[in-house]
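Have the model open as you read.

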Amino acid sequence: MERSPSSGGRVVAAFDFDGTITVSDSLRDFVHYTVGSPRLVYGAICSAPWMAGMLIGMSDRGVAKARFLAATIGAMPRPKLEDAARQYVEHRLPALIRPEMVERIQAHKRRGHQLVLVSASPALYLRAWAKGVGFDAVLATELEFRDDRFSGRFASPNCWGPEKVRRLQQWFSNERPRVLYVYGDSRGDREMLALADHAWLRGQGEMHSIDE
């Protein structure tokens, strides 16, 4: 699914996921759906020192998130976790999706634009959702598995802030699109928005028209 485009002169629309396409954070919602409230609370308590450190700039955001996931979903075998991701995408995630953003995605698709989802949330469940909507690529945080279980580490850097730009440029294969649209909602999208020809940040006005 993460294929790099080969034709020149293309138009690309890059979307953040949480808060941009969804009404709330999908990661915690996925964990809650998968393991329930007691395990979610347990994971929040176990990862609290790293979460607190992240807020004051003393702990890496990716490490804090990995600690939270290790304490919640880390005990699940990989096949069971992947099945939970499919169930989440089918039964729960649709309730979080903003209809107007799906229409925006489809508007780009009707014009033949390439669609890429760029998110700090796990690709574990994002790929299934994005494939159904018609995205060409998913650039997201990859979980590391050992002995068929989540290791508590990420197989790729946490896809947030500057890492979003690095992953996007890697996907471009040194061939920048003729036009780049970017949609975001938070500080974690700032660098990616700065890369765009047409940037939209939720809460900062109406979405621009699609000219291409």
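Which residue forms a salt bridge with Glu163? Arg166 does, with the closest N and O atoms 2.7 Å apart. A salt bridge here is a side-chain nitrogen of Lys or Arg within 4 Å of a carboxyl oxygen of Asp or Glu.

A word on the basis: this is a predicted model, where local features need pLDDT of at least 70, side-chain atom pairs count only at pLDDT 80 or more, and totals for chains, interfaces and linings use all residues. Residues are numbered from 1 along each chain as its sequence is written, and side-chain values use heavy atoms, leaving out hydrogens and water.

Glu163 and Arg166 both sit in helix H8 (residues 162-172), three residues apart, about one turn of the helix. Twelve salt bridges turn up in the structure, including these:

| Pair | N to O distance |
|---|---|
| Glu163 and Arg166 | 2.7 Å |
| Glu142 and Arg127 | 2.4 Å |
| Lys164 and Asp189 | 2.6 Å |

Lys164 and Asp189 also join Asp16 in a network of salt bridges.

Now for the packing: helix H5 (residues 78-91) meets helix H7 (residues 123-133) at about 45°, with their axes 9 Å apart. The contact (heavy atoms within 4.5 Å) involves Leu81, Glu82, Ala85, Tyr88 and Val89 of H5 and Leu124, Tyr125, Ala128 and Trp129 of H7.

Terms used
Axes fitted to C-alpha atoms, helices over the stretch in contact; angles between N-to-C directions. Helix = DSSP H or I, 4+ residues; strand = E, 2+ residues; numbered from the N terminus.
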